[in-house]
Amino acid sequence: MEDFSVLIGGKAGDGINRAGFVIGRILSRMGYRIYMYYDYPSLIRGGHNFAIVRASRHTGIASHHFTVDCILALDQATLLRHAGRQTPATIAIFNSDSVKAGAPAAGLAVPLETITKEEDGISIMANSCLIGAFCRATGIPWDIAATVLGEEMPRETEKNLSIARRGFDAVQERYILPKREAPEVPLITGNEAISLGLLQAGLDAYVSYPMTPSSGILHFLAEVAGETRLKVIHPESEIAVILMAQGFAFAGSRTAVGTSGGGFCLMTEGVSMAGMTEVPVTIVVSQRPGPSTGVPTYTAQGDLAFVLSAGQGEFPRFVFAPADPAQAFEWAGRALNLSWKYQVPSFILVDKTLSEGTFSFDPEEPEWTGEDPIPCWDGTHPYRRYAESEGGVSPICHVPTAGAVVKVNSYAHDEDGITTEDRDLIARLVEKRMQKSPGMLAEVEALHPVGISGDPTASTAILCWGSTAGTCREVADIIGLRVVQPVVLSPFPARALRDALAGVSRIISVEDNAEGQLASLAGAHGIDISAQILRYDGRPHALEELRDRVLEVGA
Amino acid sequence: MSRSLITEARNTWCPGCGNFAIEHALKTVIAARIEEGFPPEKFVLVTGIGCHAKIADYLDINSFYAIHGRTIPVATGIKLANPDLCVICCAGDGDCYAEGLDHLIFAAKRNIDLTMIVHNNRVYGLTTGQYTPTSPLHFKGRSTPGGTEEKPLNPPALMLASGATMVARAYTRKLDHLQAVIREGMEHPGFAFIDVLQICASFFNMTDYYNERVYTIKEHDSSDFWRAWQKVREWDYSADAPIALGTFYKSVEPVFNDKFRITRQPGEGREQAVRKLLERRIGR
Ligand SMILES: Cc1ncc(C[n+]2csc(CCOP(=O)(O)OP(=O)(O)O)c2C)c(N)n1
Ligand code: SF4
């Protein structure tokens with residue numbers, strides 16, 4: 001078995017995300033690599049939530065299959081809605097207390113609520129019962145199930161274990177999932193990968209106002225703030241967020257902020273201020289469908305053009321769009337470091353699929369960037385915040401530094417940071433800021449700004465960015481295509497992209513938006529797209545869905 | 001420390017502008033505190049946008065010349081990054097009572113240790129004479145030629161209601177008092193709010209009006225919230241009434257920034273911390 005997929009579904013409030021994660025951990029302990037897609041509407045109670053947990057022998061999986069090998073139904077809706085995902089071989093395990101009509105004859109019926117009540121548990125513990133039944137049906141040894149459940153349920157552990165055991169005993173083995181001898185690696189979300197990447201690169205403060213799908217970063221960092229000596233602040237608005245971040249940076253604290261499109265709209269004045277003040281700040285933007293409030297809990301790649309140009313006036317910026325947790329970890333650290341090195345805003349542009357997806361994360365895979373030291377004012381001459389210097393980056397100096405007066409200014413200013421409207425000075429300072437661009441481009445060119453996977457010799461390439469790359473890679477492996485994924489979107493690595501496309505005669509672009517924003521960007525750099533696959537229903541492509549669409553446009 | 005505290009930037013305020021008095025008062029207080037041993041590099045001035053904000057160019061101390069309405073979030077970040085700094089905000093009334101109002105209320109609510117000086121000339125100076133949230137009812141400004149149809153805000157009352165731990169009012173033509181209140185604000189642990197009635201020589205010269213009505217409050221118990229509440233409501237920024245100057249309210253309460261007093265050596269232990277967080281994910 002290369003791959004095994006299990007879907008668990010129920011209502012919001014049933015703890016589907018958590019149950020999916022525990023199943024992922026169990027399969028991970030069985031020696032598999034995991035990817036979990038979690039689908040939920042913006043409801044606290046009711047509605048339909050489901051998670052598809054995929055276990056694979058292959059590393060680097062970042063997409064889900066459409067059809068599933070096992071379906072775990074807490075309610076009737078799960079069976080009805082996902083009927084199309086089942087094959088004759090799919091094992092269905094369902095809650096016989098709530099599924100009556102249309103229960104699959106070949107399925108495994110488990111009275112989850114009855115068992116939970118008999119064991120004196122609360123309703124959410126029905127999940128443990130279902131997980132127990134799943135393990136037995138797929139031949140997962142009880143001791144593995146019990147250890148993971150014990151680790152994941154630090155409260156009421158005994159009760160959960162006895163409920164799970166009842167589930168385990170309630171069904172028969174249908175299938176034997178072979179245990180593999182691969183070492184277990186941690187399961188993390190994209191948001192956690194970003195958080196860890198920022199932390200190891202020396203993050204001092206994280207400032208954020210909640211907005212799905214970025215909130216996971218705020219929650220995770222707030223949780224670990226004590227043990228990592230991090231300051232985590234949730235202020236009154238995104239406007240306050242981006243300005244506070246620059247206050248922190250002015251006083252020498254490496255600071256990141258996180259939001260999604262609507263919050264980012266509010267931040268744009270502050271982004272522009274960072275452009276003029278040259279105060280470093282790292283901004284995570286996790287996309288969801290817009291415009292406006294859009295669809296809060298689903299995915300999109302519709303904000304690329306916005307992020308590339310947000311803020312009035314002209315100023316250089318870094319924009320990085322990682323595809324998976326390994327890249328997210330790596331580029332989050334780099335974003336923080338490069339923002340400080342060049343005193344420009346840096347962006348980590350992700351989406352719901354990556355932010356809230358759960359992945360196996362092998363710590364050995366990404367490069368671990370620590371905190372890069374930056375050149376500071378040496379104190380030999382009077383301090384001038386915006387002193388002209390080679391490459392446009394002035395020596396930085398933080399308050400308080402004896403003997404230095406640090407003047408940062410959002411107005412056009414002279415080298416001392418004093419407001420000016422003198423035309424020569426205005427032009428000089430514009431040029432100073434723009435001078436950073438060549439250095440920034442050279443910097444990212446040295447960092448492999450374009451990912452290449454699939455068959456590097458294929459003459460047809462899929463061009464993609466961000467989380468869609470995970471699915472594109474696997475599709476390319478099946479069909480025999482090349483995948484080219486720019487991780488850096490500003491400054492645009494046009495030369496590296498052309499190199500990556502050498503020998504390609506046909507480019508198919510894949511994006512989760514309606515306008516083909518990367519395709520336009522590539523087009524502006526003389527790279528022409530032959531066919532576009534666009535998706536904008538808030539859902540990421542399953543592997544089979546994208547494979548079919550790629551074949552349709554003629555791979 | 002024999003620094004003049006004044007930069008070489010050319011001053012472009014109108015003759016007679018009340019901003020001169022605020023600059024002078026602030027400079028005098030800072031100089032005195034430096035004289036007493038407070039390190040000059042620990043002062044940080046944050047300004048918004050408007051005539052008032054040019055004070056950042058003129059005072060030779062660390063400054064962050066921010067954007068319209070946003071002094072407080074910048075100042076809050078600075079204070080949280082380093083609670084040892086003395087962070088002063090100079091904001092305009094348009095600046096911080098209109099676009100920046102939410103930040104002002106939150107600064108009071110969280111009792112962040114800042115000194116907030118509002119240059120309240122009750123008009124938009126730099127954009128040449130529109131009404132602000134504290135312009136009197138029927139004020140004829142360039143955007144309201146027929147007179148405003150809104151009553152003004154009463155900022156000290158708003159700040160009391162929002163939880164500010166020091167609420168005061170001063171006047172640019174009472175320089176000694178202004179200085180004393182600014183100093184008191186800097187020494188106050190917590191959010192010190194000072195509404196400074198400022199003359200705008202070009203668009204709203206209230207000199208005679210203020211001169212006739214202002215008085216300094218005496219025998220006032222500033223720890224009594226309800227007394228303070230009555231005092232700040234004596235004059236509603238619109239109708240005629242005596243205008244009290246002084247510290248209406250003061251109390252010492254826990255300050256927000258103290259909770260964030262942690263420091264770390266660069267790079268210290270971070271990689272181990274990250275590895276530990278990851279290991280926990282596999283039950284180790
Ligand atoms: C976001 C934004 N909106 C509008 C302006 C234009 N603007 C500049 S100064 C100002 C008002 C200044 O009035 P006030 O804050 O009372 O300060 P004063 O000039 O009177 O000192 C405005 C509206 C701006 N700079 N930024
Ligand atoms: S317009 Fe008014 S506030 Fe502005 S400088 Fe002139 S007098 Fe001062």
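1. Buried area is the accessible area, taken with a 1.4 Å probe, that two parts lose on being put together, summed over both. In this predicted model, chain B and chain A bury about 4,700 Å² between them, and 62% of that area lies on carbon and sulfur atoms. On the side of chain B, the residues that lose the most area to chain A are Arg270(B), Leu278(B) and Arg281(B), which together account for 16% of what that side buries.

2. Counted by residues, the contact draws 62 from chain A and 51 from chain B. Between the two chains there are 25 residue pairs in polar contact, with both residues of a pair at pLDDT 80 or more. The elements of chain B that give two or more residues to the side touching chain A are α2 (55-58), β2 (62-65), α3 (71-81), α5 (101-110) and α10 (270-280). Of these, α10(B) gives the most, with eight residues. Sorted by class, this side of chain B has 26 nonpolar, 15 charged and 10 polar residues.

3. How many salt bridges does the rule find across the interface of chain B and chain A? The rule finds four of them, and one joins Glu227(A) to Arg280(B), with the closest N and O atoms 2.6 Å apart.

4. The two chains also meet through their strands, since DSSP bridges are the basis for calling two strands paired. Strand β15 of chain A, residues 407-409, pairs with β2(B) in the parallel sense over three bridges. Within this arrangement, Lys407(A) stands opposite Ser63(B), a residue of β2(B).

5. Turning to the ligand, 16 residues surround ligand 1, and the closest are Cys51(B), Asp93(B), Asp95(B), Asn121(B) and Gly125(B). Backbone atoms take part here: a backbone N or O atom of Cys51(B) lies 2.7 Å from an oxygen atom of ligand 1, while for Gly125(B) the corresponding distance from a backbone N or O atom to a ligand oxygen is 2.9 Å. Leu126(B) likewise places a backbone N or O atom 3.0 Å from an oxygen atom of ligand 1.

6. Over all chains, the structure holds 46 salt bridges. One of them lies within chain A, where the side chains of Glu184(A) and Arg25(A) meet with an N to O distance of 3.1 Å. This pair links distant parts of the chain, 159 residues apart: Glu184(A) sits in the loop between α6 (157-170) and β7 (187-189), whereas Arg25(A) belongs to helix α1, residues 16-29.

Technical notes: Residues numbered from 1 in each chain as written. Chains lettered and ligands numbered in written order. Predicted model: local features only at pLDDT ≥ 70, side-chain atom pairs only at ≥ 80, totals over all residues. Heavy atoms only, no water. Contact = heavy atoms within 4.5 Å. Salt bridge = Lys/Arg side-chain N within 4 Å of Asp/Glu carboxyl O. Polar contact = N/O pair within 3.5 Å; in protein donor to acceptor, adjacent residues only side chain to side chain. Helix = DSSP H or I, 4+ residues; strand = E, 2+ residues; numbered from the N terminus. Nonpolar A, V, L, I, M, F, W, Y, C, P; charged D, E, K, R; others polar. Near = heavy atom within 4 Å.
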